[in-house]
Amino acid sequence: MSVVSDADVVGRVHSIETFGTVDGPGTRLVVFCQGCPMRCLYCHNPDTWEFAHGEKNHGQGGASGPGEDMSVGQVLETFERNRPFYRRGGITVTGGEPMAQPDFVAALFRAAHAAPAGRIHTCLDTSGATFSATGASRFSPLLDECDLVLLDIKTADAAEHERLCGLPASHALELGEELARRGTPVLVRHVVVPGITDGEEEAAAVGRIIGDWDNVVGLDFLPYHTLGRAKYERLGIEYPLEGVKAMEPARARELRHTALVARARRRAERGR
């Protein structure tokens, strides 16, 4: 029986950004995976939602449908052509939802760590939408290869999470617990949407959640923007947050401070 090398593993890719500066440390090659089971009201990449052949949570292989097939080897060739620019960066895989293609991303990260020209830093940007504690073993090969995880906490309110995203909050929280158990460095991201996720208690609740995770190395409160609206128009999709104005960056910074205060209190309660 032949063994497929990591370089030959194929994933479904929406696009590649060759000089990303906001998805992990340094300048990075950013791979956008095709397919996501979530439907966040504020998503600015609706063109990454659909999976190949309409198959949710698989997104591997196939010659038709959205996105395109790319091998690990092809992605690394793109990186190597510009390696000098990535000296203090690496590769980030985002989406869509990259954890819907765990085998592809695991193979890419393994190959990146073993690159002949030198180890490449790996970063996973995820909402954890396909993760569950009961099925954690499926994702172990991927999580073993993550140098950094950017984890989205959409909202701390479980009921609101289903309305906002279409899936339970448990996926992200269970992934957060697993990453904390592993000690994997995590930067938590939270999008601040006016009238939805911009309350003081919401911010404090996010802070209490991450106060239980000793591996959190950063917290970003990202102001909601409307830059993705044009994509909805091109796709003929109604924009879910029509009339909601962009979030003031200053207010997002204030709420981040609220979260950090709540995190510090929670850590003090735990004796950390």
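**Close-up views of a predicted model**

**View 1. Arg 83 and the backbone of Gly 118.** A polar atom of the side chain of Arg 83 lies 3.0 Å from the backbone oxygen of Gly 118, where a polar contact is a pair of N or O atoms within 3.5 Å, one of which, within protein, must be able to donate a hydrogen and the other to accept it, and residues adjacent in sequence count only if both atoms are side-chain atoms. Arg 83 is placed in the loop between α1 and β4, with helices (H or I, at least four residues) and strands (E, at least two) taken as DSSP runs and numbered from the N terminus. When neighbours within four places in sequence are left aside, Arg 83 is in contact (heavy atoms within 4.5 Å) with Ala 115, Ala 117, Gly 118 and Ile 120.

This is a predicted model, in which local features need pLDDT of at least 70 and side-chain atom pairs count only at pLDDT 80 or more, while totals for chains, interfaces and linings use all residues. Residues are numbered from 1 along each chain as its sequence is written, and side-chain values use heavy atoms, with hydrogens and water left out.

**View 2. Helices α1 and α2.** Helix α1 (residues 72–81) and helix α2 (residues 102–113) have axes that come within 10 Å and cross at roughly 45 degrees. The two helices are therefore oblique to each other, a word used for angles that are not under 35 degrees (roughly parallel), over 145 (roughly antiparallel) or 65 to 115 (roughly perpendicular). From α1, Val 72, Val 75 and Leu 76 meet Phe 104, Ala 107, Leu 108, Ala 111 and Ala 112 of α2.

View 3. The peptide bond that runs from Gly 95 to Gly 96 is cis, with omega near 15 degrees. Gly 96 itself lies in the loop between β4 (90–94) and α2.

**View 4. His 190 in strand β7.** His 190 belongs to strand β7 (residues 186–192) and is buried, with a relative accessible area of 0%; buried means under 20%, exposed over 50% and partly exposed in between, for a 1.4 Å probe and protein chains only. A polar atom of the His 190 side chain lies 2.9 Å from the backbone oxygen of Ile 153.

**View 5. Ala 172 in helix α5.** Ala 172, in helix α5 (residues 170–182), is buried, with a relative accessible area of 7%. Neighbours within four places in sequence aside, Ala 172 is in contact with Ser 127, Gly 128, Leu 151, Asp 152 and Trp 213.

How values were computed: Axes fitted to C-alpha atoms, helices over the stretch in contact; angles between N-to-C directions.
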